[in-house]
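Hello,

Here is the structure for you to look through. My notes follow it.

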Amino acid sequence: MTLTDLANPTRFLTLTGRLLPWLAASTALLLLIGLYQSAVAPDDYQQGATVKIMFIHVPNAWLSMFVWGVMSLAALGTLVWRHPLADVAAKTAAPIGASFTFLALVTGSLWGRPMWGTYWEWDARLTSVLILFLMYLGLIALWRAVEDPSRAARAAAILTLVGAINLPIIKFSVDWWNTLHQPASVMRIGGPSLDRAFLIPLLVMALAFSLLFLTLHLAAMRNEILRRRVRALQMMQASQRSA
Amino acid sequence: MTALAALIRRDIQIALRVGGGALIGVLFFLTVVVLMPFAVGPDLALLTRLGPALLWLGALLASLLTLDRLFTADHEDGSLDLIVMSRTPLELACAAKALAHWLAAGLPLVIATPVLGLLLNLDATATSAVALTLLVGTPALTFTGMIGAALAVTLHRGGLLLAVLVLPLSIPLLIFGVAASQAAISGPLSFGAPFSILCALSLASFVIGPFAAAASLRHGLD
């Protein structure tokens with residue numbers, strides 16, 4: 001079983017059709033566990049109960065960047081290997097990634113209100129996530145601007161790879177400006193600085209959200225393949241009728 | 001090499017002659033900066049404070065406006081196909097086109113900056129700081145904008161789509177350009193740090209821009 005075997009859309013549909021219920025069930029289970037653990041996690045001595053927003057906010061923020069990484073891989077698949085499913089993967093990942101980014105912004109601003117006293121602060125990391133959101137929207141606009149899917153796929157692939165250069169800027173902007181937003185505290189040299197009581201629910205939630213992305217993405221890819229088939233059938237029917 | 005020089009010379013000539021419209025960018029720059037006092041009020045102290053930001057925004061929008069024509073005109077008369085098929089590497093040809101575009105449309109913006117600085121009540125230090133950051137930053141605007149222009153021409157869409165694609169990519173340039181100018185005028189920060197980062201962003205765009213634009217033209221044109 002390799003990636004080339006998956007290039008056949010029919011085989012992809014059968015495989016994911018069998019896989020999806022299990023994925024959906026394990027996502028739901030993990031989300032339940034994660035939400036329960038987040039709910040019973042202790043309050044922070046400074047932030048009180050608002051620290052629980054973190055369990056939603058941080059996975060969303062991680063995924064907002066991770067999805068762009070997935071799209072970059074798919075973009076390479078489109079440009080280099082011409083993998084037939086790569087542009088389907090790239091196209092369907094964009095709206096999901098935009099949703100995660102939007103949720104990261106919303107939860108971040110709800111968290112910022114009690115912590116910083118303002119919904120929006122023009123801090124480095126917030127701003128770069130907002131830029132990421134705008135780039136997702138631009139990418140979706142690019143997909144929607146062109147009728148021919150393979151043409152749109154190549155253009156979007158190039159824009160995705162150019163945008164991928166934006167990802168490190170987001171990650172390191174924390175160190176560049178180092179303003180209100182706290183520096184990265186989970187992934188850093190010398191081990192995580194977060195307390196275990198917060199770290200475990202956070203990791204469970206991150207895993208649950210990743211599984212959620214996988215489930216939604218595979219389902220969206222199936223829908224896109226079926227949508228293209230319907231379109232091809234409609235065009236075939238239209239050409240037969242006119243002939 | 002001669003092919004690239006010829007390409008640069010041709011592009012500059014077309015841009016500067018009747019119908020080229022390179023200098024319209026400067027006119028647009030002037031108009032945008034003149035509009036600002038009407039929006040924020042004729043308060044000279046406020047204009048001094050906002051000056052670098054206004055100049056940078058104006059230059060950003062002006063260079064975006066002229067970028068639309070970077071590949072479209074060549075696509076319409078068929079010379080873009082010849083450039084794509086020629087033996088000169090497409091990446092170098094794209095870089096040459098961007099350089100010509102900057103010389104014709106970007107450099108005039110930098111030259112116009114001191115005059116516009118007077119209108120915004122900037123002193124000599126501030127004006128030269130803004131002009132210096134624009135001198136380093138506008139090539140990067142052209143080279144990153146070229147990616148959007150190449151995508152737009154292969155999709156037969158220009159205008160708004162180009163702006164939506166290019167503007168987010170130019171945000172770091174805006175941040176560091178204005179930061180460096182402000183640092184030279186008042187800030188506690190040194191001018192050197194943001195200016196060096198601006199230079200670095202510019203150099204990075206020289207590498208990324210031509211390759212991405214060439215890839216887009218190669219995959220997109222048929």
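Of the 243 residues of chain A, 33% count as buried. A residue is buried if 20 or more other C-beta atoms lie within 10 Å of its own, exposed if 12 or fewer, and partly exposed in between, with C-beta atoms placed from the backbone. This is a predicted model: local features need pLDDT of at least 70, side-chain atom pairs count only at pLDDT 80 or more, and totals for chains, interfaces and linings use all residues. Residues are numbered from 1 along each chain as its sequence is written, while chains are lettered from A and ligands numbered from 1 in the order in which they are written.

Chain A has 7 helices and 0 strands. Helices (H or I, at least four residues) and strands (E, at least two) are DSSP runs, numbered from the N terminus. In chain A, residues 24 or more positions apart make up 78% of the contacts with a separation of 6 or more. A contact means C-beta atoms, placed from the backbone, within 7 Å.

The contact between the chains takes 17 residues from chain A and 18 residues from chain B. On the chain A side, helix H4 (124–145) and H5 each supply at least two residues. The largest share, 7 residues, comes from H4(A). By class, this side has 14 nonpolar, 1 polar and 2 charged residues. Ala, Val, Leu, Ile, Met, Phe, Trp, Tyr, Cys and Pro count as nonpolar, Asp, Glu, Lys and Arg as charged, and the others, Gly among them, as polar.

**Helix H5 of chain A**

The 16 residues of H5(A) should span 22 Å at 1.5 Å a residue, and the end C-alpha atoms are 22 Å apart, which agrees. The expected span is 1.5 Å times one less than the number of residues. Buried residues of H5(A) include A:Arg154, A:Ala156 and A:Thr160.

A:Arg151 also sits in H5(A), residues 149–164. Is A:Arg151 buried or partly exposed? A:Arg151 is partly exposed, because 17 other C-beta atoms lie within 10 Å. Beyond four places in sequence, A:Arg151 touches A:Val146 and B:Gly220. A:Asp87 is 64 residues from A:Arg151 in sequence and 10.0 Å away in space, C-alpha to C-alpha.

**The core**

The largest nonpolar core has 126 residues, and A:Ala90 and A:Ala156 touch the most other members. Such a core is a set of buried Ala, Val, Leu, Ile, Met, Phe, Trp, Tyr and Cys residues joined through C-beta atoms within 7 Å. Helix H7 (residues 124–155) of chain B gives the largest share of this core, 17 residues. Leaving aside neighbours within four places in sequence, A:Ala156 is in contact with A:Ala90, A:Leu139, A:Leu142 and A:Trp143.

**Chain B**

B:Leu161 lies in helix H8 (residues 160–169) of chain B. B:Leu161 is partly exposed, because 19 other C-beta atoms lie within 10 Å. Leaving aside neighbours within four places in sequence, B:Leu161 is in contact with A:Ala141, A:Leu142, A:Ala145 and B:Ala152.

Helices H1 (residues 2–16) and H6 (residues 90–119) of chain B pack at about 35 degrees, with their axes 9 Å apart. Axes are lines fitted to C-alpha atoms, for helices over the stretch in contact, and angles run from 0 to 180 degrees between N-to-C directions. The residues of this contact divide into 14 nonpolar, 1 polar and 2 charged.

Best wishes

Technical notes:
Two residues are in contact if their C-beta atoms, placed from the backbone, lie within 7 Å.
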